[in-house]
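Hi there,

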Number of protein chains: 2
Amino acid sequence: MLTADNIADYINQAIADIHYPAAPAGLYQPVKYTLEGGGKRLRPMLLLAACDAVSGDCSAALNQALAIEIFHNFTLLHDDVMDNADLRRGRPTVHCRWDNNTAILSGDAMLTMATQYLCKDAGDKTGQILDIFNTTAMEIYEGQQYDMDFERMKTVSVDEYLMMIRLKTSVLLGCACRIGAVMGNAPDYLCDLLYDYGVKLGLAFQLRDDYLDAYGDPLTFGKEIGGDIVNNKKTWLLINALNEDTTGRLEKAIEQSLSRGNKIAEVKAVFEDLDLPRRCVELINKYVADAVEIIRESPLGDDAKDFFINLALSTIERTN
Amino acid sequence: MLTADNIADYINQAIADIHYPAAPAGLYQPVKYTLEGGGKRLRPMLLLAACDAVSGDCSAALNQALAIEIFHNFTLLHDDVMDNADLRRGRPTVHCRWDNNTAILSGDAMLTMATQYLCKDAGDKTGQILDIFNTTAMEIYEGQQYDMDFERMKTVSVDEYLMMIRLKTSVLLGCACRIGAVMGNAPDYLCDLLYDYGVKLGLAFQLRDDYLDAYGDPLTFGKEIGGDIVNNKKTWLLINALNEDTTGRLEKAIEQSLSRGNKIAEVKAVFEDLDLPRRCVELINKYVADAVEIIRESPLGDDAKDFFINLALSTIERTN
């Protein structure tokens, strides 16, 4: 039976087996470094699980699972350049370990590699999965652009924020589910259903990210708590606080040159006055409940239902 | 009959007709700006001419021609970031007019757009042309990586240089010809033949670029003469001079802080002592002769032969 652990092992092995040309090393080493940096392998896992759920054989979709993971890592690589981020999964980012030009060019190569894996042995499904993949890729660039735009805007509505994270994060989870279903010869309504599940899961997942930055357990979170707060990153928490705080306390906390610890404490106090931690958890639970409902009502087999439902429920509990 | 001018008009019209989503403007405006910046449209022209040469109808390959032009402009956009270039075709580059992040993300979007256009209405040829396109894209990234590597190396052999420009520049011309031939249902040997023509043309084209930087006519060249010399850019001329100059004069010209004019004059004097301008022209002529020979020996019709031969011969004479 498929479990999250054995799918992740399967994917990690396939990633370790990727063959890279020896030269030019400056192009291929950063790709290998990026792909072997670990991570949850959530997207290829969804793709394989969706394929398995509709056909019982997911080995035929392994190339497409790798494609999605390579694409996801390409977006992280370029995002890290754009955000000037130093660390990714506890290791120096490519542009820090090498340089910006290396990160740009290796990322470009990863996007093309992703397309190559997507089409590998896809037979008469090539055109269809390419359409899904490219449409999703364009949505993700749009999401990244909105994210950068929002950082420069004084106010952003909650609806705009949810639209942005849907584009930047959620549609790729939906896309992974849909491509897995297509590779497994599922009928259209089942492809749509699994796509919708992935999107709901993605929304829950991103909101949990936002929540953990402020309220995660420092022992399990893996990075320092409050990074988003320190950087005034427009998360769901901060956007709501900016729109709702009428006391001026939030504005002061952002504009004064407080120490890191004081700033985090001040901003979190505003979040709590506005009941935002509870409301954030409530929204996450709503998206997870939607995702679970989609699967429960579906005609998928019991093992598949258990897998997707447990994955969604684990989002509520996840600590890193 | 097809002429370079009427194909360019056809392509420019198709580029002007591309529809972009209105939002987010920060993503799509730089794409439009880049694609509408002009240029010779050499690659889509080759693609359409190759299709026309083998089938007589090139309108069915217009999407693929746009794909190649969008891809080419994506590489220029990211190269300009990597080279920190201010101007492209007489206008500010995207990273100067907007910023680096905009240039990176819009470039990514162009690569995905190129893949979308490539597959549009390609029917059962989708898999085949995607393979050609993606293989070429990887070669181009390799070429760009070698180019950056060479800038940091003390010596580079002429063979290494020719390998690099083949990857960075020539294979895309070959790829354009091959995809055009495939779209026109040409037999494999004719696809190979037109690919070989494109590669030879590309080599001649790049060497002419190197030559014009030092020996172009300032009135027609469009940018200042000697830019490569001032930047110690490892062109065919400089690489040969570095390998052959035994007088120490070149090293001095590079290491001393000469004025722009003096540096250019000194380096060109070394080029001339080594007979490099004549030898460069000779090599260009050799590649052009090879390209012409490939076409002359082919079974293509007379109009197609005239078109490809004239295009190759114009490379010898081109001044910008």
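Predicted model: local features only at pLDDT ≥ 70, side-chain atom pairs only at ≥ 80, totals over all residues.

On the fold itself, chain A comes to 16 helices and two strands. Its radius of gyration is 20 Å, close to the 20 Å that the globule rule gives for 320 residues, so chain A is as compact as a globular protein of that length. Taken along the principal axes, the box that the C-alpha atoms of chain A fill is roughly 60 × 50 × 35 Å.

Next, burial and surface. Of the 320 residues in chain A, 57% are buried. The accessible surface of chain A is about 13200 Å², and carbon and sulfur atoms account for 48% of that area.

As for charge, chain A carries 48 negative side chains and 31 positive ones. The centres of these two sets lie 4 Å apart.

Then there is the pairing of the chains. How many degrees of rotation superpose chain B on chain A? The answer is 180 degrees, with 0.0 Å of shift along the axis and an RMSD of 0.0 Å. That is the relation of a two-fold axis. At the interface, 100% of the interface residues of chain B are also interface residues in chain A, so the copies meet through the same surface.

Best wishes

Note on methods
Residues numbered from 1 in each chain as written. Chains lettered and ligands numbered in written order. Heavy atoms only, no water. Least-squares fit on C-alpha atoms with pLDDT ≥ 70 in both. Contact = heavy atoms within 4.5 Å. Helix = DSSP H or I, 4+ residues; strand = E, 2+ residues; numbered from the N terminus. Rg over C-alpha atoms; globule rule 2.2 N^0.38 Å. Buried < 20%, exposed > 50% of the residue type's maximum accessible area, 1.4 Å probe, protein only. Areas by Shrake-Rupley, 256 points an atom, 1.4 Å probe, with all protein chains shown as cover. Lys, Arg positive; Asp, Glu negative; His and termini not counted. Charge placed at Lys NZ, Arg CZ, Asp CG, Glu CD.
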